[in-house]
Amino acid sequence: MSSDRSHPSATAATPAAKPKADSIRPLRVGVIGLGMGRKHIEGWREHPQAQVAAIADLDEARLAAVGEEFDIAQRFASPKDMLARAALDVVSVCTPNKFHKDLTLAAFAAGCHVLCEKPMAINAVEGRQMLDASRRAGKRLMINFSYRFAAQSQALKAQVEAGVFGDFYFGRSAWHRRRGMPNFGGWFGSKALAGGGPLIDLGVHRLDLALWLMGYPQPEWVMGSTYNAIAGPLAAQSGKDFDVEDLAAGFIRFKNGATLVLEASWAANIAEAELMETRLLGTQAGLLQRNVNEGYGFSADIYLERNGAPFDMHMHAPPTPAKSAMHHFADAILSDRPHDATGEQGLIVMEILDAIYESARTRAPVRVASSFLTS
């Protein structure tokens, strides 16, 4: 079960020419975990040269239902059986966070590239093991930071790369829910299975989006706080386990002097049922991306000064929808070009999240030491 498509160097000067589509053997993809994995199947199916050849899930009823829905014949109750028998090129890991590391390492050992759901792992120690294994195996590791693959986000990134904003020096990125708690007693509320609460579940998306737009500056130190003012008492009343936070906030200072405030909650006494926004201030302009009508559509605006007067620009959504992370990963593998949302970026996110949790525990600032990013 191997692929001859090797992991390209991130510093390759000249990417290889993309082969003609009819000369490419389709990528054989396996998906592990069919909750979020259904979205991965849909994303892989966007690409004409990617074939979801096998799926795995412990829930036999869900395995059968998803297999029938997408006409996937190879179905496995054991991920290890799938990796041993299905002859795959790429694996999507879409399980509870606790299992990301072991399944990713198993996929590398089986000769596969890996697209792992966010967060990369349960903590940075495991994330580093995954990245090291990727390098040893010569296989790619991509993290599904899906919000950077939205059309509105891609359009904002194009403005960043065009130099519209200058240098970003301050930002705030948040995802709050008024009452959006997962069911008590499930894996989302278990620190052992999830690694944390809304910070590692929701905040991870807003953190990556902000870092990506800022150019992934290297963090220097972090201060953080976590709370369990609403979900904790409700879980206790229900008699169900819930040992993670319901709200977290972090203050991140980067080595280039910029700062970012990060907020995430499953339960907060706010007006909106769902509030997502990322605001970044640059030396030449600022931006605001936020969700519309408390839903999952987004608006984006740019604020600057023009001819001595404040000037606002509203960005309309591009007419062509953005391609999914799965489509991007398939294209990168098939054309032998570097991919986005790398394992290195996934690790820096994990290091920041770990530092926020540690700062909340110790009530003190925490330094972040990473050797992977230098900007």
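Okay, quick housekeeping. Because the model is predicted, local features need pLDDT of at least 70 and side-chain atom pairs count only at pLDDT 80 or more, while totals for chains, interfaces and linings use all residues. Residues are numbered from 1 along each chain as its sequence is written, and side-chain values use heavy atoms, with hydrogens and water left out.

So, β1. That's residues 27-32, and strands here are DSSP runs (E, at least two residues; helices are H or I, at least four), numbered from the N terminus. Five of its six residues are buried, so the rest of the structure largely encloses β1. Buried means under 20% relative accessible area, with exposed over 50% and partly exposed in between, using a 1.4 Å probe and protein chains only.

Who does β1 pair with? Strands pair if DSSP finds at least two bridges between them. With β2, residues 50-56, there are six bridges, running parallel, and L27 sits opposite A50. To get from β1 to β2 the chain goes through helix α1, residues 37-44, in a right-handed β-α-β crossover. Right-handed means that, with the strands pointing away from you, the path from the first strand over the helix to the second runs clockwise. β1 also runs parallel to β4, residues 90-93, with four bridges; there, V31 partners S92.

Now G250, over in β9, residues 247-254. Is G250 buried or exposed? Buried, because its relative accessibility is 4%. Beyond neighbours within four places in sequence, G250 contacts M223, G224, L260, V261, L262 and I356, where contact means heavy atoms within 4.5 Å.
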